[in-house]
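Dear colleague,

Please find the structure below, handed over for your use. An account of the findings follows it.

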Amino acid sequence: MKITIFGTGYVGLVTGACLADVGHHVLCMDVDQAKIDKLRNGQIPIYEPGLDNIVNHTVEAGRLAFTTDVKEAVQHGTLQFIAVGTPPDEDGSADLQYVTAVAKSIGQHMDDYKVIVDKSTVPVGTGDKVKAAVRTQIESRGLELEFDVVSNPEFLKEGAAINDFMKPDRIIIGTDSDRASDVLREVYYPFNRSHDRMIFMDIRSAELTKYAANSLLATKISFMNEVANLAERLGADIESVRRGIGSDPRIGYHFIYPGCGYGGSCFPKDVQALARTASEFGYDARILNAVEAVNYAQKHVLFDKISHYFGGDLQGKVVAIWGLAFKPNTDDMREASARTLMEKLWKAGAKVQAFDPESMEETQRIYGDQEGLVLCGTKEQALKGADVLTICTEWKEFRSPDFAAIASALREPVVFDGRNLYDPEILARHELIYYAIGRGRNQFQS
Ligand SMILES: NC(=O)c1ccc[n+]([C@@H]2O[C@H](COP(=O)([O-])OP(=O)(O)OC[C@H]3O[C@@H](n4cnc5c(N)ncnc54)[C@H](O)[C@@H]3O)[C@@H](O)[C@H]2O)c1
């Protein structure tokens, strides 16, 4: 099938590459000329494991191409996937300007039946807005053209995006059109071989499903962080508690890791956007607001512990940070906990020596020549001359480091672990003082 994808970010590029991989003919369109130039030169603008292989071989096979030409893009595909960003507006609601711009472009340039598939995460009711925007453009051209709008929210996880797309837990299709349902069934047929993963529903329910899924996952994290903060005050170890409750299949082990807060391009903005939608409809979403408030506070916990250790005076202190991305296996730093920590450290007069396996370029792009930031080529270099070490992202290569080398490199033998990676007894054996999240009374700092 001929498919157009608007937006070649984490979702659009993975979607385009995976659909081309199974045989569809895909044209990816983006307004970012530099991104499209890179892709045309065989460079992948983001870090996503396995993506480069699929992009390269589908481009070579002639099934994947890139453009900035909106007219060419609209005319290419029977399916028009919208995968542009929906960042938070100032009031927390989702900013729909990019989605609306694509809808308008489709209405301006289409000349036959199109299935317009919204993959971006959008508030309930956006399907109607997209429909109206497309129809207005068609009418202003004095034409009558048929089209359908479908909500097909994306559930891939950065870092495991290819596997998630190729073997999805579910494919949610929100539509009121049998014709569009048939087209989508055909597009996704190759992803349904072992069993049917498609769940059909109305557009509004599909839109809400995405927000409900992300909000529930964020709720699990904030809940655990709240219990971790309690554990610190009560002299309990949250890691024992985590194992104790995770063994109950009704609770499960997923998404109950305590830490220094969730980040990324999805959870923070989606929880806020759903709460905002709720308040627009006269409903006070108390759980969502609490999830957001707990997470906001949790992003400050590492700083508070470091500051407390130094008696509130961080002037001139050097903090080594391992991990800058919001989670492992991505270079994405949107809403990353490391950013909150670094910005607070700089404000307090401290310096940062940072290392991340994949997001050094992104850090450079965001913070440029920020005074008090040294980007280091290895995790060992980050330790040299540092007072203490802090872990913000649970990359595999941080999980079993040379503790003796850490102890001898640091000026103060202290590790602040925002991801609970280590066994406190092992660190004690290396005479390292260990502050983690929710691990007993000595961890409580406020
Ligand atoms: N990143 C994730 O893990 C993830 C997972 C599921 C859903 N989502 C949702 O998918 C959407 C996209 O997220 P992302 O992380 O891929 O965003 P992104 O910022 O990585 O990519 C968005 C792309 O859209 C492009 N764009 C903006 N306006 C455009 C236009 N008019 N025409 C063509 N391209 C345009 C931008 O230049 C950018 O390259 C968001 O709504 C997000 O909430 C993201």
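Which element gives the most to the lining of the second largest pocket? That element is α14, with five residues. Helices here are DSSP runs of H or I with at least four residues, strands are runs of E with at least two, and both are numbered from the N terminus.

Please note that this is a predicted model, in which local features need pLDDT of at least 70 and side-chain atom pairs count only at pLDDT 80 or more, while totals for chains, interfaces and linings use all residues. Residues are numbered from 1 along each chain as its sequence is written, and side-chain values use heavy atoms, with hydrogens and water left out.

The second largest pocket

The volume of this pocket is about 290 Å³. A pocket is an open set of points on a 1 Å grid over the protein atoms alone, where a 1.4 Å probe fits, with protein on both sides within 12 Å along at least five of seven lines; lining residues have an atom within 4 Å of a point. The volume is the space filled by probe spheres set on the points, which are joined across faces, edges and corners. There are 15 lining residues, and Y296, K299, H300, E335 and T340 are the closest to the centre of the pocket. Two or more lining residues come from each of α11 (267–280), α12 (286–298) and α14 (337–347). By class, the lining has seven charged, four polar and four nonpolar residues.

The ligand

Around the ligand there are 25 residues, of which D30, K35, T86, E158 and K269 come nearest; a residue counts if one of its heavy atoms lies within 4 Å. The helices α1 (10–21) and α5 (97–109) each supply at least two residues of this shell. An N or O atom in the side chain of T86 is 2.5 Å from an oxygen atom of the ligand. A backbone N or O atom of V11 lies 2.8 Å from a ligand oxygen atom. On its own the ligand has 830 Å² of accessible area (Shrake-Rupley method, 1.4 Å probe), and the protein covers 89% of that area.

Aromatic pairs

The count comes to 14 aromatic pairs, with ring centres within 6.5 Å and planes called stacked under 30 degrees, edge-to-face over 60 and tilted otherwise. The F165 and F191 rings are edge-to-face, because their planes stand at 90° with the centres 5.5 Å apart.

Yours sincerely

Conventions:
A polar contact is a pair of N or O atoms within 3.5 Å; within protein, one must be able to donate a hydrogen and the other to accept it, and residues adjacent in sequence count only if both atoms are side-chain atoms. Ala, Val, Leu, Ile, Met, Phe, Trp, Tyr, Cys and Pro count as nonpolar, Asp, Glu, Lys and Arg as charged, and the others, Gly among them, as polar. Rings of Phe, Tyr and Trp (its six-membered ring) pair if their centres lie within 6.5 Å; planes under 30 degrees apart count as stacked, over 60 as edge-to-face and the rest as tilted.
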